[in-house]
Amino acid sequence: KAGKPVPERIPVRALIDTGASVTVLDTAIVRKLSLMATGTISFQTPSTGETPHVSNQYDVSILLVSPIAKRATGFDNIPVIEADLSAQGLQALLGRDILRQCLFVYDGVAGLFSLAF
């Protein structure tokens with residue numbers, strides 16, 4: 001919409017986070033894509049306690065790829081937030097904003113999960 005070129009796709013390893021209401025991108029990924037913030041959002045996590053944390057928000061397109069099923073599904077104009085995930089060794093958290101459009105099954109006894117999209 002801003003008339004700028006679309007950045008090249010970057011493969012990102014994400015952790016499925018059923019506790020996150022929105023998808024989160026690591027600051028390094030945001031910089032690599034040269035994203036421009038569309039606003040800010042205030043949110044709370046167990047680590048922020050009662051004090052809300054303010055983060056930049058970005059609109060991105062996300063492509064989930066299944067190399068086993070050899071298929072992919074895209075999600076356009078998804079508002080995501082930015083956080084420093086480097087201490088956890090993560091590039092992204094896949095939140096319920098994406099998961100609500102998928103079928104996610106977790107079998108804790110067998111130690112397996114499946115994600116259908």
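How much space lies in the largest pocket? The largest pocket holds about 1,900 Å³ of space. The structure shown in these close-up views is a predicted model.

**Figure 1. The largest pocket and its lining.** A total of 45 residues line the largest pocket. Those that lie nearest its centre are L33, V60, S61, I62 and L63. The elements that each give two or more residues to this lining are β1 (14-16), α1, β4, β5, β6 and β8 (112-116). Strand β4 gives the most, with 9 residues. By class, the lining of the largest pocket consists of 30 nonpolar, 8 polar and 7 charged residues.

**Figure 2. The second largest pocket.** For the second largest pocket, the volume is about 490 Å³. Its lining is made of 19 residues, and A20, V24, F43, T45 and L93 are the closest to its centre. Two or more residues of this lining come from each of the elements β3 (39-43) and β5. The lining of the second largest pocket divides into 10 nonpolar, 7 polar and 2 charged residues.

**Figure 3. The largest nonpolar core.** This core has 17 residues. Which of them touch the most other members? They are L25, I62, L64, V80 and I98. The elements that supply two or more residues to the core are α1 (27-33), β4 (53-66), β5 (71-83), β6 (92-94) and α2 (96-99). Strand β4 provides the largest share of the core, 4 residues.

**Figure 4. The surroundings of L25.** L25 is among the core residues that touch the most other members. When its neighbours within four places in sequence are set aside, L25 is in contact with V30, L35, V60, V80, I81, E82, A83, L85, Q91 and A92. One of these contacts, V80, is also named among the core residues with the most touching members.

**Figure 5. The aromatic pair F104 and F113.** The structure holds 1 aromatic pair. It is formed by F104 and F113, whose ring centres are 6.0 Å apart and whose planes lie at 50° to each other, a tilted arrangement. Two values are given here because a pair of aromatic rings is described by the distance of the centres and the angle of the planes. F104 has a relative accessibility of 28% and so counts as partly exposed. F113 has a relative accessible area of 53% and is therefore exposed.

**Figure 6. T40 in strand β3.** T40 is found in strand β3. Is this residue buried or exposed? Its relative accessibility is 54%, so T40 counts as exposed. Apart from its neighbours within four places in sequence, T40 is in contact with V54, S55, N56 and Q57. T40 and A28 are 12 residues apart along the chain, and 18 Å separates their C-alpha atoms.

**Figure 7. H53 in strand β4.** H53 lies in strand β4. With a relative accessibility of 36%, H53 counts as partly exposed. Leaving out neighbours within four places in sequence, the contacts of H53 are I41, S42, F43 and T48. Among these contacts is F43, which is one of the residues closest to the centre of the second largest pocket. Between H53 and S114 there are 61 residues of separation along the chain, and their C-alpha atoms are 32 Å apart.

**Figure 8. G89 in a loop.** G89 is placed in the loop between β5 and β6. Its relative accessible area is 65%, and G89 is therefore exposed. G89 and D26 are 63 residues apart in sequence, while the distance from C-alpha to C-alpha is 9.7 Å.

Figure 9. What is the value of phi at S34? Phi of S34 is near 55°, a positive value in a residue other than glycine. S34 is located in the loop between α1 and β3. At 59% relative accessibility, S34 lies over the 50% limit and so counts as exposed. For N77, phi is likewise positive, near 55°, in a residue other than glycine. N77 is located in strand β5. The relative accessible area of N77 is 57%, so N77 is exposed.

Notes
Residues are numbered from 1 along each chain as its sequence is written. This is a predicted model: local features need pLDDT of at least 70, side-chain atom pairs count only at pLDDT 80 or more; totals for chains, interfaces and linings use all residues. Side-chain values use heavy atoms; hydrogens and water are left out. Rings of Phe, Tyr and Trp (its six-membered ring) pair if their centres lie within 6.5 Å; planes under 30 degrees apart count as stacked, over 60 as edge-to-face and the rest as tilted. Buried means under 20% relative accessible area, exposed over 50%, partly exposed in between (1.4 Å probe, protein chains only). A nonpolar core is a set of buried Ala, Val, Leu, Ile, Met, Phe, Trp, Tyr and Cys residues joined through side-chain atoms within 4.5 Å. Contact means heavy atoms within 4.5 Å. On a 1 Å grid over the protein atoms alone, a cavity is a set of points where a 1.4 Å probe fits but cannot get out, and a pocket is an open set with protein on both sides within 12 Å along at least five of seven lines; lining residues have an atom within 4 Å of a point. Grid points are joined across faces, edges and corners, and a volume is the space filled by probe spheres set on the points. Ala, Val, Leu, Ile, Met, Phe, Trp, Tyr, Cys and Pro count as nonpolar, Asp, Glu, Lys and Arg as charged, and the others, Gly among them, as polar.
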